[in-house]
Amino acid sequence: MREQELKENLTNVEARVAEACKRANRKREDVTLIAVSKTKPVSDLQVIYNQGIRVFGENKVQELTGKIPEMPEDIDWHLIGHLQRNKVKYIVDKVKLIHSVDSYRLAEEINIQAKKKGVIVPILIEVNAANEATKFGVKLEEAKQLCEEISTLDVVHIMGLMTIAPNVVVPEENRGIFHKIKELSVDIANENIDNVDMRILSMGMTNDFEVAIEEGATHIRVGTAIFGERNYSI
Ligand SMILES: *Cc1c(COP(=O)(O)O)cnc(C)c1O
């Protein structure tokens, strides 16, 4: 049965998270599990919600705004996917965190729309750690400057960094990348830029979240391991 399957999946993920925290000498409560529910029906989300999960990640604005009214109000919704400037207005007052800011122009639009709605918007800077041509995100060496620029915007608050590591067969291969992003966040934190916080490190997905936790992730984004494979053909 679907419900049973989802419960077992979540139990397995929780066990893996707990083990990784133990290995890394970290407290379980210092790592937030984001259930990445893209392409999945709200009936699936509801099962996971009933198990106590309150943070969900979606990557498309339309899907996100469609699901929000269908689900309980005490959910923290995170936008984890690429965001186009013309869609910012639909979500600024609906999400708890935008993980995917990689340009000043986008941050500026978030600032404009946030002011209209009277909200403050926490964001992460997406870093393209492996410099992959197919991925969004700012280059590692440009992240600090982007933080400085965005820090001047009054209702956008940088809370940390996000990265999508390469899709590798052996998760261990991404350890170096996670380590670099952690170092970068410490570097930026040491700059003490006004209005820039580096408390969040969003990294690690189904394949590699254990390594990410060991390297300091505070937020892991897990889809497949909880909800099963995604089917994009339907
Ligand atoms: C889909 C997605 C995830 C989850 O990936 P899984 O491998 O299914 O865990 C995480 N982060 C982002 C940005 C995504 O788009």
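Start by selecting Asp-197 and Arg-199: the two form a salt bridge, with their closest N and O atoms 2.8 Å apart. The model on screen is a predicted one. Colour the pair by accessibility. Asp-197 is partly exposed at 24% relative accessibility, whereas Arg-199 has a relative accessible area of 56% and is exposed. The cut-off for exposed is over 50%, so Arg-199 at 56% falls in that class.

Next, display Arg-23, Glu-172, Arg-175, Glu-214 and Glu-215 together. Salt bridges with shared partners link these residues into one network.

Within that group, zoom in on Glu-172 and Arg-175. Their salt bridge brings the closest N and O atoms to 2.4 Å. Both residues are partly exposed: Glu-172 has a relative accessibility of 43%, and Arg-175 has 23%.

Now go to helix α1, which covers residues 2–23. Select Arg-2 and Glu-5, and show their side chains. A salt bridge joins them, at 3.2 Å from N to O. Why are these two separated by about one helical turn? They lie 3 residues apart in helix α1, so the spacing along the helix is about one turn.

To finish, zoom out to the whole structure. How many salt bridges does a search of it find? The search returns 17, including the Arg-2 to Glu-5 pair in helix α1 and the Asp-197 to Arg-199 pair where the tour began.

Note on methods
Residues numbered from 1 in each chain as written. Predicted model: local features only at pLDDT ≥ 70, side-chain atom pairs only at ≥ 80, totals over all residues. Heavy atoms only, no water. Salt bridge = Lys/Arg side-chain N within 4 Å of Asp/Glu carboxyl O. Helix = DSSP H or I, 4+ residues; strand = E, 2+ residues; numbered from the N terminus. Buried < 20%, exposed > 50% of the residue type's maximum accessible area, 1.4 Å probe, protein only.
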